[in-house]
Amino acid sequence: MKIFAHTRWDAAPVLAAIAHLAFDIYLIVGFESRPFWLSAALGALYAISISWNINSISHNFIHTPYFKPRWMNYAFSLLESVAIGFSQTYYHWVHMRHHSGNSDRPDEKGETIDLLSIYRYGGNGEPENVWSYTFLSFFRDSIGDIHKAIARTRPFEAKWGRFELYFFLALALAALVYDWKALLFYVPFYYLGNCLSSLNGYYEHLHGDPDEPIAWGVSSHKPFYNWLWFGNGYHAEHHYRPRTHWTKLRTLHEQIHEEQEKAGVHVISTCHALGFIAKENLAFDGSRTETSHDA
């Protein structure tokens with residue numbers, strides 16, 4: 001029986017997801033035996049791991065489910081829900097809305113199709129400030145609205161998403177009973193991890209062009225980043241052809257490279273999460289400031 005739907009290379013993100021879950025468990029189980037400084041260091045790593053998983057393993061799974069048997073995809077979705085601390089099914093819906101709008105600007109009513117658009121809470125057609133987007137996005141999701149939206153057309157998926165969320169909360173409650181100090185210690189790092197994911201998403205679209213499909217996203221072609229994050233750096237390529245498997249994004253880039261240059265696709269030299277220090281972003285913002293002063 002064929003297990004993987006696309007390629008055996010998907011064993012890599014699957015094993016990485018299992019390792020992530022094991023790491024989450026270790027954080028709680030080994031808390032009492034570790035010195036404070038080590039728990040804090042692991043907490044920082046935990047925060048990074050949340051953003052890493054959401055933007056690589058979990059993200060790729062949405063577009064190209066790893067397994068051929070449906071039950072295995074549901075099982076992996078549940079595993080991911082526990083690892084990232086949020087329903088994978090709910091995230092799937094939010095992310096597909098993201099691709100429907102592609103970080104669109106607000107319409108005449110001030111609404112965006114993409115609930116994650118960096119322009120949604122901006123002003124005068126400009127992106128929102130990076131820091132408010134980073135630290136407030138976590139509080140803007142309405143789980144109830146997401147559930148109702150899914151239930152309108154896919155009632156079973158909505159129920160599964162709710163089950164994923166409840167399953168995670170039940171495990172969190174069990175962790176609270178096992179060692180309440182450990183759980184409370186890592187809650188701020190959980191929030192920070194979601195903030196890092198938002199920061200990552202912000203620079204995946206800052207200086208992209210919401211009106212030009214080939215330039216909807218912003219790319220980073222750094223080899224190590226794309227190896228570690230399973231192709232997430234090829235973000236302009238991904239938005240242009242979202243069904244392209246993560247192992248083929250580099251090839252897609254090579255095929256459309258000239259078109260991208262003509263369209264002015266924005267490319268940065270850092271990973272997306274460090275976009276605030278990317279020289280390409282600093283130069284872009286600097287030139288815009290100079291133009292504003294000249295005007």
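These notebook entries record what I looked up in a predicted model of one protein chain.

**Entry 1. Ground rules**

I number residues from 1 along each chain as its sequence is written, and side-chain values use heavy atoms, with hydrogens and water left out.

**Entry 2. Overall fold**

I began with the secondary structure and found 12 helices and zero strands. Helices (H or I, at least four residues) and strands (E, at least two) are DSSP runs, numbered from the N terminus. I then looked up the radius of gyration, which is 20 Å, close to the 19 Å that the globule rule gives for 295 residues, so the chain is as compact as a globular protein of that length. This radius is taken over C-alpha atoms, and the globule rule is 2.2 Å times the number of residues to the power 0.38. The C-alpha trace spans about 60 × 50 × 40 Å along its principal axes.

I also looked at contacts, meaning heavy atoms within 4.5 Å. Of those between residues at least 6 apart in sequence, 64% join residues at least 24 apart.

**Entry 3. Surface and burial**

The accessible surface of the chain comes to about 15400 Å², and 63% of this surface belongs to carbon and sulfur atoms. Accessible areas come from the Shrake-Rupley method with a 1.4 Å probe; for residues, only the protein chains shown count as cover. I noted that buried residues make up 50% of the 295 residues. Buried means under 20% relative accessible area, exposed means over 50%, and partly exposed lies in between (1.4 Å probe, protein chains only).

**Entry 4. Nonpolar cores**

Which residues have the most contacts inside the largest nonpolar core? I found L27, Y46, Y90, W93, I146, I150 and Y186, in a core of 26 residues. A nonpolar core is a set of buried Ala, Val, Leu, Ile, Met, Phe, Trp, Tyr and Cys residues joined through side-chain atoms within 4.5 Å. Two or more residues of the largest core come from each of α1 (11–29), α2 (36–63), α4 (88–101), α6 (143–153), α7 (155–178) and α8 (180–203). I followed I146 in particular: leaving aside neighbours within four places in sequence, I146 is in contact with Y90, W93, V94 and D141. A second, separate core has 25 residues, including Y66, A215, A236 and V265.

F276 lies in the loop between α11 (249–263) and α12 (279–294). At 33% relative accessibility, F276 is partly exposed.

I next looked up S132, which is in helix α5 (residues 130–136). S132 is partly exposed, at 22% relative accessible area. Beyond its neighbours within four places in sequence, S132 is in contact with S137 and R140. The C-alpha atoms of S132 and C195 are separated by 10.0 Å, although the two residues are 63 apart along the chain.

**Entry 5. Salt bridges**

How many salt bridges does the structure hold? I counted five, each a side-chain nitrogen of Lys or Arg within 4 Å of a carboxyl oxygen of Asp or Glu. One of them joins R105 and D211 (3.5 Å, N to O). This pair links distant parts of the chain, 106 residues apart: R105 is in the loop between α4 and α5, and D211 is in the loop between α8 and α9 (223–228). R105 is partly exposed at 36% relative accessibility, whereas D211 is exposed at 62%.

A further bridge joins E254 and R250 (3.7 Å, N to O). These two residues are separated by about one helical turn because they are four residues apart in helix α11. E254 is exposed at 51%, and R250 is exposed at 55%. I also noted the bridge between E280 and K279 (3.3 Å, N to O).

**Entry 6. Positive phi angles**

Most residues other than glycine have a negative phi. N124 is in the loop between α4 and α5 and is exposed at 85% relative accessibility. H207 also has a positive phi, near 75 degrees. H207 is in the loop between α8 and α9 and is buried, with a relative accessible area of 12%.

Methods. This is a predicted model: local features need pLDDT of at least 70, side-chain atom pairs count only at pLDDT 80 or more; totals for chains, interfaces and linings use all residues.
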